[in-house]
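Subject: Structure handover

Hello,

Here is the structure I promised to pass on. Please open it first, then read the notes below it.

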Amino acid sequence: MDNPSVEIDKVQYQVMTLERPKKLKILVVDDEPDNLDLLYRTFRRDFNVLKADSGVNALQVLAAEGEVAVIISDQRMPEMKGTEFLSKTVPQFPDTVRIILTGFTDIEDLVEAINAGQVYKYITKPWDPGELKAVVQRAAETYDLLKQRTEELRRAHAQMALLSVLVQVTQAASSLEETLALIAKAVSETFGTEGCILQLTNGNTLIATQGTYSDTGKIENWLSQDPLTTQAIATGQMQVSLNVPKDTKLIDATHYQNTGVQAHLVIPISYHNELLGVLSLQWKQPCTLREDELMLINLSAQLVAIALTSSGYHQTIV
């Protein structure tokens, strides 16, 4: 834990091999079938293209499919104008980038929509395919940047919230077990796990003192039988399996099948090279973690180590 970059290097290759680049989803909306088909064919190689022939149907598609990176909508459609449709998507999908196609001089509607931040750009009909593809590519890059910044802000808030909780529980908890359980709950909620275990060690041996949290209210502790835990304690480095069913080194670890855990991350909790315990993060589905997310988990583990050390609770087991 004193050199998190070393641990990141150890797991980064596995994480990268599990992360498959996916096509961004875009939604094209036009009441004219020929235009809708043309838009689909223009972008299908580079994007996962969803189609709708009206604003009403487009809202239903979004309700079913969730957020898309880019929406390309015709302006003049029956029942609902493109700008009206796009304005309805802003509250739920603020990061989506919106493009209007118009063959008319609806300047007032367009200016109002652009000024309200509802439209990224408008393209006049008939459009030039090369120009439209370039605009959509820039829009997709803008979406990626917005999502990245949103995630960075979310992680910063999560880190500050976790730090606040750690300070509070180490000051207010009445027992070691209560402290560990509250820390496990805070870590689990920060990283969206189905289960979390914080178990202390004496030397390099797990002891009974632990705190657990599960979103179902019940979690089985099998860390003493787990190869990842053994390796984490032996090496002092994070161990991770983000897709347990496909991990050959865990094929004989039946507790994964019995509990339904499909992704597991074990981090040694140490302070000045003294092992205090292990932190287990468990998910019920395979997951992917970027390098910056792994770094945040490492930093959080360091905060846990500092909290335990400063509280003096760990001295009760020595």
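V70 stands opposite V97 in β4. Keep in mind that this is a predicted model. The two strands involved are β3, residues 70-74, and β4, residues 97-102. They pair in the parallel sense, over five bridges.

Five strands make up an open sheet, and the pairing is parallel. Their order is β2-β1-β3-β4-β5. At the edges stand β2 (48-52) and β5 (121-124). Each has a single partner strand, so one side of each is left without a neighbour in the sheet. From one strand to the next, the twist averages 20 degrees.

Helix α2 (residues 33-43) packs on this sheet. It touches β1 (25-29), β2, β3 and β4. The direction of α2 makes about 170 degrees with that of β2.

Next, helix α3, which spans residues 55-65. Which of its residues are buried? They include G55, A58, V61 and L62. These four cover an arc of only 110 degrees around the axis, which puts them on the same side of α3. What covers them? Among the elements over the buried residues of α3 are β1, β2, β3 and α4 (82-89). The face turned away from the buried side carries Q60, A63 and A64, which are exposed.

Best wishes

Terms used:
Residues are numbered from 1 along each chain as its sequence is written. This is a predicted model: local features need pLDDT of at least 70, side-chain atom pairs count only at pLDDT 80 or more; totals for chains, interfaces and linings use all residues. Side-chain values use heavy atoms; hydrogens and water are left out. Two strands pair if DSSP finds at least two bridges between them. Axes are lines fitted to C-alpha atoms, for helices over the stretch in contact, and angles run from 0 to 180 degrees between N-to-C directions. Contact means heavy atoms within 4.5 Å. Buried means under 20% relative accessible area, exposed over 50%, partly exposed in between (1.4 Å probe, protein chains only). The arc is that of the directions from the helix axis to the C-beta atoms.
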